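Try each one before reading its solution.

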Amino acid sequence: MPSASLTDSARVRAYTAALPPEVRRRVKQLRQAIRATAPRATDAFSYGIPAFRVEGRILLWYAGWKKHISIYPVTEAMKRAHASELKAYQVSKGTLRFPLTESTPLGLVKRLVKTRLAELRSQSR
């Protein structure tokens with residue numbers, strides 16, 4: 001587990017480096033898709049997994065596991081806006097799992113990020 005004395009960016013790098021090769025590749029793809037959609041987001045690390053922050057608030061956490069990669073939170077607004085696309089994946093209590101046996105739907109990830117960004121903006125008004 002990455003040390004608490006490291007910066008968030010260093011903790012994200014250490015977390016990613018410790019993953020098995022295929023999981024690492026998929027987490028990097030996920031990270032790049034989130035970063036491309038939210039270029040002003042900054043690295044964060046909490047609950048033992050990497051995340052992105054926007055204006056001090058968590059945009060999304062993401063993680064790699066033995067059989068899937070995940071993003072959190074998948075809010076009710078995200079579920080409503082992308083219900084038909086999300087049917088193909090396991091969604092539970094705010095967690096979305098993409099199995100390693102399938103390609104990660106990076107277009108869907110980007111649309112989810114856009115929805116989450118809009119949600120954060122509307123909450124700060």
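**Exercise 1.** Is Asp43 buried or exposed?

*Solution.* Keep in mind that this is a predicted model. The cut-off for buried is under 20% relative accessible area. Asp43 has 15% relative accessibility, so Asp43 counts as buried. Next, look at its partner: the side chains of Asp43 and Arg35 meet in a salt bridge, 3.8 Å from N to O. Arg35, at 27% relative accessibility, counts as partly exposed.

**Exercise 2.** Find the salt bridge between Arg26 and Glu22, and describe where the two residues lie.

*Solution.* Start with the distance: the closest N and O atoms of Arg26 and Glu22 are 3.3 Å apart. Then place the pair: both residues belong to helix H2, four residues apart, about one turn of the helix. Finally, widen the view: Glu22, Arg25 and Arg26 are linked in a network of salt bridges.

**Exercise 3.** Which helices hold Arg111 and Glu85?

*Solution.* First, confirm the contact: the side chains of Arg111 and Glu85 form a salt bridge with an N to O distance of 2.3 Å. Arg111 lies in helix H5 (residues 106–123) and Glu85 in helix H4 (residues 83–86), so the pair ties together parts that are 26 residues apart in sequence. Arg111 is partly exposed at 37%, and Glu85 is partly exposed at 28%.

**Exercise 4.** Which residues of helix H1 are buried?

*Solution.* Within H1 (residues 8–17), the buried residues are Ala10, Arg11, Val12, Tyr15 and Thr16. Their cover includes helix H2 (21–37) and strands E1 (42–46), E2 (49–54) and E3 (57–64).

Conventions:
Residues numbered from 1 in each chain as written. Predicted model: local features only at pLDDT ≥ 70, side-chain atom pairs only at ≥ 80, totals over all residues. Heavy atoms only, no water. Buried < 20%, exposed > 50% of the residue type's maximum accessible area, 1.4 Å probe, protein only. Contact = heavy atoms within 4.5 Å. Salt bridge = Lys/Arg side-chain N within 4 Å of Asp/Glu carboxyl O.
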